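Subject: Structure handover

Hello,

Please find the structure below, followed by notes on what was found in it. Keep it open while you read.

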There are 2 protein chains.
Amino acid sequence: MKFTINRSAFTAKLNDVLRAISSKTTIPILTGLKMVVSPQDVTLTGSDADITIQTVMTTEDDAFGLTVDQAGSIVLPARFFSEIVKKLPDQQVTIEVSDGFQAQITSGSASFTINGQDAENYPRLPEIETTDTVKLAGDLFKEIIGQTVIAVSNQESRPILTGVHFVLEGTQLMAVATDSHRLAQRKVQLPEAIAQRYDVIIPGKSLTELSRMISDGSETVELRIAENQVLFILGETWFYSRLLEGNYPETSRLIPESSETTVELNASSFLASIERASLLSHESRNNVVKLTLGPDANLAKISGNSPDVGNVEEDIQASSLEGAGLEISFNPDYMKDALRSFGQSEIKIAFTSALRPFTLVPTEDEDNFIQLITPVRTY
Amino acid sequence: MKFTINRSAFTAKLNDVLRAISSKTTIPILTGLKMVVSPQDVTLTGSDADITIQTVMTTEDDAFGLTVDQAGSIVLPARFFSEIVKKLPDQQVTIEVSDGFQAQITSGSASFTINGQDAENYPRLPEIETTDTVKLAGDLFKEIIGQTVIAVSNQESRPILTGVHFVLEGTQLMAVATDSHRLAQRKVQLPEAIAQRYDVIIPGKSLTELSRMISDGSETVELRIAENQVLFILGETWFYSRLLEGNYPETSRLIPESSETTVELNASSFLASIERASLLSHESRNNVVKLTLGPDANLAKISGNSPDVGNVEEDIQASSLEGAGLEISFNPDYMKDALRSFGQSEIKIAFTSALRPFTLVPTEDEDNFIQLITPVRTY
C-alpha cells in the first residue's frame, strides 16, 4: 500500500472521520482509523459502534493531489496518526505499508514509522439496502436538528428519550424530542412525497455530531433509513448512525390546544433578560425564575429571589400582552435553550395556568415549530 | 455609597482585579471584591493572600464616566458581581448601598440586589514604604518573565524553586530560574543605577499573572521592593506579590564555561522538528528524543524510538556545526519551552558531553540570555 496526498486536504478529511472515533471504547480496534487504498481512491473509516463515518478521496478530485502507487489497507492509531499528519513539514505526505502492519509516513525531511493493525480485523460496516432516499437542504436539516435536539434527555434511565423522534410520511417530516420536562417539535414539507412511511428514533448525540459536519450554506443532505440504521450522505462522506429501539411516547396530546394568557415579544431580547435572571437563580438552591404578566397590560416582568444571595427584577418589553393575569415559575435554563432556537424572531408564548405547560412559537409560523416547557411549582 | 459608571470600562477594571481572586481560599472574605468609594474615585481590591491587585477609577478620567453620589465601601461576591455587571443591558450601571450590606445594581430595566459584607472585615493591604523605584518598559519586563518563568519548578517539595530569582545591583537586573533539570537566565541593563542592592525571589505564579496584565506596547512597569513584598505599578493598577523566603541556590556555577560541540540553527524551525518528534515520545513510556550531531558536518538529525508505538527520524537544517560528534538525549518538552523563548531567532546550542548540561543562547546576544537543559541518560 502506498499513496501520496495533499496534506491539508487529507487533514480536513481525517478530522471528519475522527468525529466518530472515541478513545473510550470497549472494542480496541475502534480507536483506530481504517484506510483502504484502491487504484482510484482512498477510503477512511472511523467508528464508535454507534456512529460510523466513512469518506472517500478520489484521484479524480484535484483538491487531494492523490497519487496511488499501490493498493492495500491498514488500521492506524487514529489520534496519533492524525496529530502526526497535522504537524508534518511539507505540503505533501506519503503513506506506505511495505511489509507487516507498519506504516511509514514521510513528508519533507521527516519520517515516522508507526505500528498499525490488519484492516481485516476491523468490524464490517452496516449494509443499508434501501433505495428510498429523502433529500433536504443542509441548512434546513441543521436547523431541524438545532431546534429539537435541545429537548433530548441526557439520562439513560429512559434511553428512548435520548433520541429525536422522526416521522416521515407523504410530503411531511416531523421531528420531536422531549425529556418529559420540555418538548421541541418541528415540521417540514419535503420537496417530493416519499413512497413509504418511516418512524424512527435517532440518538441525539448522532444528530449533534452530524450537525457539526454540515457546513453553513452546504449542499443537500441525503437520508436513507433501514431496519436499525440511518445513513446520511454529505457529498463524499457517509455518516451512519444506529437507531434507538422501542416506541416513542405519544407527544401530540402534550401540546395544549387553547390558552388563557399570551405574550408576544422578541426572542433574543427576552433571552438576554432570562440570562441575567439566571445568574441569580444559579447561585440559589432552586434554579427558578418567575414571570409576572398582567392583569394590567403594561405589566410584564421577570424576577428571582434567593434569601442567601439576593434578588433580581427586570421589566420585559412585550409587543402584545393578552388574557388573564399570571404568575408562573420555570427553570431558566430550559427557557434559554428554547429561546436560542428562535434566533432573532418575534415569538408568541401561550399559557393555560401557572401549573400547566406553556408553549413558544414564532409569530410568523405558528404551526410548524413549537417549544413547550413545564413550569415549576414553587409552593 | 452610590456611584454610576460606564459599564464596559468598569468591566475591564473588574477583570484586572479578578485575576487575584480565587474561589478556592481558606479566608472566605477573599472570594469577595472590595469597593471603596470616595468623592473623587472608586478603588477596587482583589486578593488571594499571595497576590493583591488594586485599581483606581477617578472621576477625572472621562473613560469611566464616573459620578459619585455618596462615598462608602462594601465587599461583594466577586465572580457573581462581575458576571452581573457583564450581562447588564445598559451602557451605564449604578451601584448603591443604602442600608446594611446589600448592594443594589441597576442598569436599564434590570435591577439586582445582592448580599455583601462589611469592608472593615477585609484584610489590610501590605504597606510598602520604600521610595526606591525601578522602571522598565512593559514589553521588556514581559519578555524577561516569559523567558525565565518556564524554568520555574511546579513542585512544592522545594518551594524556593517555584520562584524566579531577581538580583538588582547598580545598573543590572538579573533574573534566573531553575527546577534543577533546566535553567533560564536573563540579564538586562537598567536605564539608571539604583541606590540599593536587591536580592529577591518572586513566585512564578505571580509573575505569570502579572505578565498577562501587561498589554503589548504598554507603558512603563514600576517596581518597588520591600521586606517581604514586591509592588508592580502599571498605570492606575497596583499589583502586590509576596516574596519567597530563603536563599536561592547558587546558579552561576551550573553554566558550563566551555564546549566540545556547537550547532547553530533557527529556533522556530528546530522547534517544529522537536514538536513532531515529541508526538512519538509522548506515546512512549520514556519521554525522550535523541539528537545526533556529526562527526560529519552534514549530519544533524533528531530521532525517537519506542518499540510499542514506532519511530521517528528527521534531518535538521543547521547553519553551522562544529566540534566533536555527539549523541545526546533529552526531554523534548524542556527543549520546546526553551526554543519558544527565542522566538524566530538564530540560536547557538553548545554541548560538553552526552551527560552534561547543554546551553542555548541567541547568536546575536550570547551574554545576556541563556537557557540550560540537563540531558537524559538513556543507558
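Helices (H or I, at least four residues) and strands (E, at least two) are DSSP runs, numbered from the N terminus. By that rule, Gly310(B) belongs to strand β21 (residues 310-315) of chain B.

Before the rest, some ground rules. This is a predicted model, in which local features need pLDDT of at least 70 and side-chain atom pairs count only at pLDDT 80 or more, while totals for chains, interfaces and linings use all residues. Residues are numbered from 1 along each chain as its sequence is written, chains are lettered from A and ligands numbered from 1 in the order in which they are written, and side-chain values use heavy atoms, with hydrogens and water left out.

Chain A as a whole

Chain A contains 6 helices and 26 strands. Its C-alpha trace spans about 80 × 50 × 35 Å along the principal axes. Chain A has 379 residues, and 53% of them count as buried. Buried means under 20% relative accessible area; exposed means over 50%, and partly exposed is in between (1.4 Å probe, protein chains only). Contact means heavy atoms within 4.5 Å. Among the contacts in chain A with a separation of 6 or more, 67% are between residues 24 or more positions apart.

Two annotated stretches come from the UniProt record. UniProt positions are given in the numbering used here, feature names are shortened, and annotations may be inferred rather than shown by experiment. An unreviewed UniProt entry places "domain: DNA polymerase III beta sliding clamp central" at residues 136-250 of chain A. Over residues 136-250, chain A is 18% helix and 42% strand, with the end C-alpha atoms 26 Å apart. The feature "domain: DNA polymerase III beta sliding clamp C-terminal" is placed by UniProt (unreviewed entry) at residues 253-376 of chain A. Over residues 253-376, chain A is 21% helix and 40% strand, and the end C-alpha atoms are 20 Å apart.

How the two chains are related

Two copies of a chain are related by a rotation about an axis and a shift along it. Here, chain B is superposed on chain A by a rotation of 180° with 0.0 Å of shift along the axis (RMSD 0.0 Å). This is the relation of a two-fold axis. The superposition is by least squares on the C-alpha atoms of residues with pLDDT of at least 70 in both copies. In chain B, the C-alpha nearest the axis belongs to Lys24(B), 16 Å from it. Both copies use the same surface: 96% of the contact residues of chain B recur in chain A.

Where the chains meet

Which way do α2(A) and α5(B) run relative to each other? Helix α2 (residues 78-87) of chain A packs against helix α5 (residues 267-283) of chain B at an angle of about 170°, with the axes 9 Å apart. The two helices, α2(A) and α5(B), are therefore roughly antiparallel to each other. Axes are lines fitted to C-alpha atoms, for helices over the stretch in contact, and angles run from 0 to 180 degrees between N-to-C directions. Angles under 35 degrees count as roughly parallel, over 145 as roughly antiparallel, 65 to 115 as roughly perpendicular and the rest as oblique.

On the α2(A) side the contact is made by Phe80(A), Glu83(A), Ile84(A) and Lys87(A), and on the α5(B) side by Glu275(B), Arg276(B), Leu279(B), Leu280(B) and Glu283(B). Sorted by class, the contact of α2(A) with α5(B) has 4 nonpolar, no polar and 5 charged residues. (Ala, Val, Leu, Ile, Met, Phe, Trp, Tyr, Cys and Pro count as nonpolar, Asp, Glu, Lys and Arg as charged, and the others, Gly among them, as polar.)

Residues to look at

Back to Gly310(B), which counts as buried at 3% relative accessibility. Leaving aside neighbours within four places in sequence, Gly310(B) is in contact with Thr113(A), Ile114(A), Asn115(A), Leu280(B) and Asn305(B).

Leu271(A) lies in helix α5 (residues 267-283) of chain A and is buried, with a relative accessible area of 13%. Neighbours within four places in sequence aside, Leu271(A) is in contact with Lys336(A), Leu339(A) and Arg340(A).

Thr148(A), in helix α3 (residues 138-148) of chain A, is buried at 0% relative accessibility.

Regards
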